[in-house]
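Subject: Handing over the two-chain model

Hello,

Here is the structure I promised to pass on. Please open it first, then read my notes below.

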Amino acid sequence: MNSSSRYDVAIIGAGMSGLAAGIRLAHFGKRVCIFERHNAVGGLNGFYSTDGRKFDVGLHAMTNFVRPGVKGTPLTKLLRQLRIDREEFALCEQKQSRVAFGPRGETSLRFTNDFAVFESEVARAFPAQIDGFRALVAAIRAYDDVSLDAAPESARAIVRRHVSDPLLEDMLFCPVMYYGSATEHDMEFGQFVIMFKALFLEGFARPFDGVRVILRVLLEKYRAAGGERRMKCGVRRIVAQGGRAAVLVLDDGTEIVADHVISSIGLPETEKLIAEETTATSNADVGSAAMPAAAPGAHSFVETITILDRQPAALGWGDDTIVFFNDSARFDYACPREWVDIRSGVICFPNNFDYGPGRALPEGIFRITCLAKPGPWFAAADAEYRAAKTAWFADVARSARRFLPPVADADLAAATIATDMFTPRTIARYTGHVNGAIYGAPRKVRDGRTALSNLYLCGTDQGFLGITGAMLSGISMANYHILQKG
Amino acid sequence: MTKDECKKVVLDIIADIAPDEDLSNVKPDVRLRDQLQLDSMDFLDIVMELRKRHGIEVPEADYMQLASLDSCAEYLTPKFNALAAKG
């Protein structure tokens with residue numbers, strides 16, 4: 001059955017965006033095949049198993065949560081577009097999250113899926129700023145964030161028109177940047193709006209069994225709609241002819257022809273597929289003179305995972321779902337000078353979603369994400385790499401624990417039954433993203449167009465962020481470039 | 001096909017693409033957009049489901065003909081009947 005070499009649409013990458021695009025296209029009768037180099041689906045939002053435990057990659061929480069009955073938001077749009085009943089995702093809401101700044105988290109803003117909580121926290125901690133904050137929120141609500149051709153503006157500049165206290169400004173940027181910014185220090189305002197809405201105006205939720213629930217639903221829809229997929233079968237190169245993607249050459253040498261190609265693997269990564277095998281005479285085909293090669297994202301992340309023999313609350317860590325922390329005078333979201341920047345980060349306790357009475361994850365999970373510099377992680381020889389992981393694991397945990405209620409080292413050690421850590425190198429190995437840059441290239445291509453007329457981007461580098469954004473990206477690009485054209 | 005049957009076809013499609021909408025009191029003479037939360041993505045889906053399920057083509061220039069149930073019936077019923085006549 002998987003022997004065809006001709007499709008209406010070929011999709012590169014079986015992450016959230018590629019699967020969502022595939023569902024749309026297959027549902028409307030296109031012959032579509034997804035090519036995935038890895039042996040598992042999910043891409044930047046996948047999961048893996050070690051010692052019988054399943055670990056989510058990427059997903060701390062599904063953002064954009066809204067309760068049933070709330071319409072017109074990204075979650076509702078994607079459920080409708082993919083014909084998914086919201087019960088299928090079985091989303092459970094967060095308990096509460098915090099942004100904690102200062103050497104010990106002295107300034108803290110709590111938030112939940114009820115925006116009034118966050119607003120009252122801002123009013124309490126920053127009474128002089130609340131009017132400006134409200135004006136900012138009004139501007140965010142009014143912004144058309146799904147426009148495919150909005151002119152880029154600095155989010156810092158717009159936020160400063162309303163918020164004059166740099167501490168509050170940084171406390172707003174920290175969660176928003178950690179959950180989606182491919183650029184350092186500042187973001188494009190449209191991207192800021194997407195993430196602000198996703199985190200604060202909408203909210204966090206998680207299926208009890210994590211990201212694999214969402215992937216299972218997507219896979220089932222895709223299969224039922226008649227979509228094909230080929231795993232462990234990456235696309236090695238895109239042969240350009242006459243300004244079009246004429247042929248895809250797979251890792252095993254098979255050639256595939258498709259009327260349209262959607263690539264979810266990132267802009268520089270996609271360009272590399274075209275450029276690498278393009279001979280001097282056919283350089284004109286890829287328009288390389290007109291469009292400079294896209295720069296990959298400069299920063300990546302490490303994540304530490306600690307498995308506990310009890311719920312984090314039982315250890316004394318309370319019921320925070322996510323804690324965004326920063327210990328310094330300013331929040332510095334940039335590629336670190338060292339391997340990891342432990343001054344700021346994100347703590348996630350997947351246990352602390354409201355799974356219903358008597359329902360708890362079987363083990364405690366304590367995850368910490370910090371900014372990482374890709375270079376050293378890639379350059380290290382194996383022994384040095386392993387030693388760095390061990391050393392930085394301890395530093396990251398020590399830094400993050402300053403923002404949680406104190407737990408004695410001995411108690412934590414006694415409760416710990418397993419640990420794991422992923423680095424920029426891990427991310428690059430499993431997703432193919434240059435530098436392990438989770439949020440992709442700094443320059444986003446909102447309309448998904450590339451130098452080739454029938455090759456479009458979806459996913460991270462198209463620029464709808466978060467896992468809901470990833471799915472909407474696939475949907476939007478399939479609609480805009482293929483389905484609307486009949 | 002009668003105009004009422006045609007309206008039923010459109011309502012069935014809306015029920016599938018927007019299961020979270022209450023369709024029990026849709027007024028046929030009022031714009032769908034004014035009584036239901038349907039955006040441009042949803043309208044595209046109505047057009048595409050008409051093509052997928054019934055082989056009816058609605059060119060982009062005619063999208064405004066789908067504004068209300070009444071206008072849908074006016075515009076689509078002849079298309080359904082022409083298709084049926086062709087057999």
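Of the 87 residues of chain B, 25% count as buried. A residue is buried if 20 or more other C-beta atoms lie within 10 Å of its own, exposed if 12 or fewer, and partly exposed in between, with C-beta atoms placed from the backbone. In chain A, 50% of the 486 residues count as buried.

Two points on how to read this. This is a predicted model, in which local features need pLDDT of at least 70 and side-chain atom pairs count only at pLDDT 80 or more, while totals for chains, interfaces and linings use all residues. Residues are numbered from 1 along each chain as its sequence is written, and chains are lettered from A and ligands numbered from 1 in the order in which they are written.

**Chain B**

Chain B has four helices and zero strands. Helices (H or I, at least four residues) and strands (E, at least two) are DSSP runs, numbered from the N terminus. The C-alpha atoms of chain B fill a box of roughly 35 × 25 × 20 Å along the principal axes. Its radius of gyration is 12 Å, which agrees with the value near 12 Å for a compact globule of 87 residues. That radius is taken over C-alpha atoms, and the globule rule is 2.2 Å times the number of residues to the power 0.38.

Contacts in chain B are worth a look. Two residues are in contact if their C-beta atoms, placed from the backbone, lie within 7 Å. Among contacts in chain B between residues at least 6 apart in sequence, 60% join residues at least 24 apart.

Take Ile17(B). It lies in helix H1 (residues 3-17) of chain B. Ile17(B) counts as partly exposed because it has 19 C-beta neighbours inside 10 Å. Leaving out residues up to four places away in sequence, Ile17(B) touches Asp42(B), Asp45(B), Ile46(B) and Glu49(B), and also Arg80(A). The C-alpha atoms of Ile17(B) and Phe43(B) are separated by 9.6 Å, and these residues are 26 apart along the chain.

**Where the chains meet**

At the interface, 12 residues of chain A are in contact with 11 residues of chain B. Helix H2 (74-81) and helix H16 (466-483) of chain A each supply at least two residues of the chain A side. H2(A) gives the largest share of that side, four residues. The chain A side divides into two nonpolar, six polar and four charged residues. Here Ala, Val, Leu, Ile, Met, Phe, Trp, Tyr, Cys and Pro count as nonpolar, Asp, Glu, Lys and Arg as charged, and the others, Gly among them, as polar.

**Chain A**

Chain A holds 16 helices and 18 strands. Its radius of gyration is 22 Å, close to the 23 Å that the globule rule gives for 486 residues, so chain A is as compact as a globular protein of that length. Its C-alpha atoms fill a box of roughly 60 × 50 × 45 Å along the principal axes.

Chain A is divided into domain 1 (6-59 + 210-294 + 442-483), domain 2 (114-202) and domain 3 (298-438). These bounds come from an automatic or database domain assignment. The C-alpha centres of domains 1 and 2 of chain A lie 30 Å apart. Nine residues of domain 1 of chain A are in contact with 10 residues of domain 2 of chain A.

Next, the core. A nonpolar core is a set of buried Ala, Val, Leu, Ile, Met, Phe, Trp, Tyr and Cys residues joined through C-beta atoms within 7 Å. The largest one has 158 residues, and Ala10(A) and Ile347(A) touch the most other members. Beyond its neighbours within four places in sequence, Ala10(A) is in contact with residues including Cys33(A), Phe35(A) and Leu248(A).

Finally, the strands. Two strands pair if DSSP finds at least two bridges between them. In strand S15 (residues 340-348) of chain A, eight of the nine residues are buried. S15(A) runs antiparallel to strand S14 (residues 320-326) of chain A, with five bridges. Ile322(A) stands opposite Cys348(A) there. Five bridges also join S15(A) to strand S16 (residues 364-372) of chain A, again antiparallel. Asp341(A) has Leu371(A) in S16(A) as its bridge partner.

Best wishes
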